[in-house]
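Take a look at the protein below. Follow the chain from start to end, then read on.

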Amino acid sequence: MNNADAQNQLQLITQAKRDLVFGQEALSSGDYHTAVQYFTRALEISPSDPETRNLRAEAYEAAGDYPASLSDIRQVAKLQAEHTEPHLRLSLALYKNGEAEESLNAIRECLKLDADYQPCKKHYTFVRKFVKQLTGIQEDINANQYAECVQKCDVALGLDTETDRIVRDLNGKLCLCASKVDGARGVKVCTALLEIEPENPDYLINRADSFIANEQYEEGRMHFSISLVD
């Protein structure tokens, strides 16, 4: 490398460090989109820097861009494959995104590195139990065992009442299963979901079925007609 190349490389490194500082300032002040821009510029110069990528993931999440945040977290787990913490962070992010089975796979990678690392052991114990319930719920749905499905949904909801994506997905399954065996509850659960996603066809159809299961035939016919129009 000649002097000109060395000088150019030094300037790029200096620029990346400056962008990192500016990005942290923007992140701290709540200007998440500007933070993403600075971190992205820094990563164009140093794409393998895990600190910058973690910070951009944080900024993406704060800005509401969860897929982009998860993509950066995945990349850090690859860059630091021999460290436990990136796998734990990936597992937690996957779970928060509603991907419980993928979360279980990620936390296993952490335990392969250190079977005694307590944060990973704790999350592994929880998510393994949760995935077992999810598997049972899907098996009940496939077998048309809707009463058992409702029971397992209740157990799973008792395990997690705070993770929005997880709770919504579970209530979606409960909406389906309750519509077959507990019309009153199906109406309640499906209606609550439709307040969030008013045009979701599955929720609309399952609510119509719930009315019929609850012997509210006029309401059932009316809501079934609405679901067909939508």
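Predicted model: local features only at pLDDT ≥ 70, side-chain atom pairs only at ≥ 80, totals over all residues.

Residues are numbered from 1 along each chain as its sequence is written, and side-chain values use heavy atoms, with hydrogens and water left out.

Start with the fold. The protein has 12 helices and 0 strands. Helices (H or I, at least four residues) and strands (E, at least two) are DSSP runs, numbered from the N terminus.

Now the overall dimensions. The C-alpha trace spans about 85 × 45 × 30 Å along its principal axes. The radius of gyration is 24 Å, while a compact globule of 230 residues would have one near 17 Å. That radius is taken over C-alpha atoms, and the globule rule is 2.2 Å times the number of residues to the power 0.38.

What share of the 230 residues is buried? Buried residues make up 39%. Buried means under 20% relative accessible area, exposed means over 50%, and partly exposed lies in between (1.4 Å probe, protein chains only).

Charge comes next. The protein carries 25 positive and 37 negative side chains. The centres of the two sets lie 4 Å apart. Lys and Arg count as positive and Asp and Glu as negative; His and the chain ends are not counted. Each charge is placed at NZ of Lys, CZ of Arg, CG of Asp or CD of Glu.

Finally, the rings. The structure holds 4 aromatic pairs. One of them joins F22 and Y38, with 5.5 Å centre to centre and 55 degrees between the planes, and this pair is tilted. F22 sits in helix α1 (residues 3–28) and Y38 in helix α2 (residues 32–45), 16 residues apart. F22 is partly exposed because its relative accessibility is 33%. Y38 is also partly exposed, at 25%.

Y95 belongs to helix α5 (residues 84–96) and F126 to helix α7 (residues 118–142), 31 residues apart. Y95 is buried, at 6% relative accessible area, whereas F126 is partly exposed, at 25%. Y95, F126 and F130 form one aromatic cluster.

How values were computed
Phe/Tyr/Trp six-rings, centres within 6.5 Å; stacked < 30°, edge-to-face > 60°.
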